[in-house]
Amino acid sequence: MSFNFQEYFDELNGGDVLFSFKGSITTDLINNVLDSVEVKLQDSDEQSKIRKKVYNVLVEGLQNLYHHNDDLPNSYREKFEDGFGVLVIKKLDDCYKISTGNFIFTENIKELKGRIDRINSLSKEELKEEYKDILNNQKMSEKGGGGLGLVDIARKTGNKLGYMFHNFDEKYYFFSLDISISN
Amino acid sequence: MEPISFEGTPKTPTVNFNADTGIVEIKGRSIPENSIEFYKPLVDWLEEYKENAQPMTKVIIQLEYFNTSSSKCILDVFKKLEAVHKAKNPVEIHWYYEEDDEDMLEAGEDYESIIRVPFKMVEIVD
């Protein structure tokens, strides 16, 4: 069965949702989300250590969406805007959960899956070394990312990255990423 | 040399680089989508500063947040400072972090292990 976006999005939006968005991920949108979530976190009585981790992970998650979206053809535009992405932030009993989603070309899955599996296999100490290695030895891409974002998220949260590739059609999959920040 | 003086914004830090005093300061947040553009003038300034560096350069880094796109640019800034230090004009980097912010302390330690310049970790207590 092919991926049903609405079902996926509805399911993500169950529970104590702090913030939810689907649509074009633009610089303005990122600014608005960061402002709004920062105010919400300040209003909550969460300890500042956790607030900072949530904010940091949110910055990386949004910027990953912004830089690494594979563009959909025009024929999809009726349902999915240009630069389409999903962001949902939830508060669960023992953690915050930040979920992001975006379309990805089928041929790009292998590399991304390999990177996440590798990150998930590393210990805290190995992640630190991986981070420093990429920081010091690899060229940044034009977009500036340089592949550090996911390593940084894994390091700051101390949790494994949850992910799924949902088959959308023969050319595209929908990539969903779940990040937990334990409190 | 003309100093650099940038006002901070919600996504970019306050920057004060002064060749007369030898004080180099970056404070606030560094979370722009494209950091290279923001940091290029800072890296260029330090390249020029190396030729006329003060006998002692004090670097103050006090960041609340920085993204991974900035982390590479901050390393480029530190590499230029390392060149000043190597040219026998000592540099000292003061890395500030809030008392409960272990991630920021660790980030400073990462740089300390890569860059051959003395670091001072300074805890900010409320």
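Me: What should I know about numbering and confidence?
Reply: Residues are numbered from 1 along each chain as its sequence is written, and chains are lettered from A and ligands numbered from 1 in the order in which they are written. The model is predicted, so local features need pLDDT of at least 70 and side-chain atom pairs count only at pLDDT 80 or more, while totals for chains, interfaces and linings use all residues.

Me: Which residues of α1(B) are buried?
Reply: An α-helix has 3.6 residues a turn, so residues three or four places apart point the same way. Helices (H or I, at least four residues) and strands (E, at least two) are DSSP runs, numbered from the N terminus. A residue is buried if 20 or more other C-beta atoms, placed from the backbone, lie within 10 Å of its own. In α1(B), that applies to B:S35, B:F38, B:Y39, B:L42, B:L46 and B:Y49. Their cover includes β1 (4–6), β2 (14–18), β3 (23–30) and α2 (68–86) of chain B.

Me: How is the packing of α3(A) and α6(A) described?
Reply: Two packed helices are described by the angle between their axes and the distance between the axes. Axes are lines fitted to C-alpha atoms, for helices over the stretch in contact, and angles run from 0 to 180 degrees between N-to-C directions. Here α3 (residues 48–67) and α6 (residues 149–157) of chain A pack at about 160°, with axes 10 Å apart. The pair is therefore roughly antiparallel, a term for angles over 145 degrees.

Me: Which residues meet there?
Reply: Two residues are in contact if their C-beta atoms, placed from the backbone, lie within 7 Å. From α3(A), A:K53, A:N56, A:V57, A:E60, A:Q63 and A:N64 meet A:G149, A:D152, A:I153, A:K156 and A:T157 of α6(A).

Me: How many residues of α6(A) are buried, and what do they pack against?
Reply: In α6(A), 8 of the 9 residues are buried. These pack against α3, α4 (109–121), α5 (124–137) and β5 (172–182) of chain A, together with α2 and α3 of chain B. After α6(A) comes A:G158, with a positive phi near 70°.

Me: How many residues does each chain give to the contact?
Reply: Chain B gives 18 residues and chain A gives 23. On the side of chain B, the elements giving two or more residues are α1, α2 and α3 (102–114). The largest share, 5 residues, comes from α2(B).

How values were computed
A residue is buried if 20 or more other C-beta atoms lie within 10 Å of its own, exposed if 12 or fewer, and partly exposed in between; C-beta atoms are placed from the backbone. Angles under 35 degrees count as roughly parallel, over 145 as roughly antiparallel, 65 to 115 as roughly perpendicular and the rest as oblique.
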